[in-house]
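Visitor: I've got a model to look at, and I'd like to know what the labels rest on. Can you walk me through it?

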Amino acid sequence: MTDNGITRQLTQYRQSIDNLDAALVHILAERFRCTKAVGHLKADYDLPPADPAREEQQISRLRALANSADLDPDFAETFLNFIIKEVIRHHEQIAAEHSGIEQ
């Protein structure tokens with residue numbers, strides 16, 4: 001393959017990667033919009049910000065999905081744990097704001 005061919009192929013791969021990165025950002029934004037609504041519902045009904053049973057269920061489900069997609073399940077779990085930690089932080093913040101409003 002010529003240098004031009006390599007450059008052209010590399011550019012095509014990178015354009016696909018850029019498109020996928022943009023899709024991931026939009027998917028994460030939508031996910032956090034949903035989890036924010038969950039946080040408000042939990043605050044309204046004085047439910048705890050974290051749900052360890054649900055989190056374990058999601059981790060197991062995601063590991064199985066990762067296996068079937070030929071993605072490293074440890075990576076998938078690490079990624080989900082990062083998201084869960086951020087969601088819980090948001091839920092704690094929403095609960096604190098909610099309790100501050102009602103005091």
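**Pockets and a loop residue**

Guide: Happy to: the lining of the second largest pocket splits into eight nonpolar, one polar and two charged residues. This is a predicted model, where local features need pLDDT of at least 70, side-chain atom pairs count only at pLDDT 80 or more, and totals for chains, interfaces and linings use all residues. Residues are numbered from 1 along each chain as its sequence is written, and side-chain values use heavy atoms, with hydrogens and water left out.

Visitor: What makes a residue part of the lining of the second largest pocket?

Guide: A pocket is an open set of points on a 1 Å grid over the protein atoms alone, where a 1.4 Å probe fits, with protein on both sides within 12 Å along at least five of seven lines; lining residues have an atom within 4 Å of a point. Leu24, Phe79 and Ile83 are among those that line the second largest pocket, so each has an atom within 4 Å of a point.

Visitor: And which helix gives the most to the lining of the largest pocket?

Guide: H3, with five residues. The largest pocket has a volume of about 280 Å³, and Arg31, Thr35, Arg54, Glu55 and Val87 lie nearest its centre.

Visitor: Why is Leu47 called partly exposed?

Guide: Partly exposed sits between buried (under 20% relative accessible area) and exposed (over 50%), with a 1.4 Å probe and protein chains only. Leu47 has 47%, so Leu47 is partly exposed. Leu47 is in the loop between H1 and H2.

Conventions
Grid points are joined across faces, edges and corners, and a volume is the space filled by probe spheres set on the points. Helices (H or I, at least four residues) and strands (E, at least two) are DSSP runs, numbered from the N terminus. Ala, Val, Leu, Ile, Met, Phe, Trp, Tyr, Cys and Pro count as nonpolar, Asp, Glu, Lys and Arg as charged, and the others, Gly among them, as polar.
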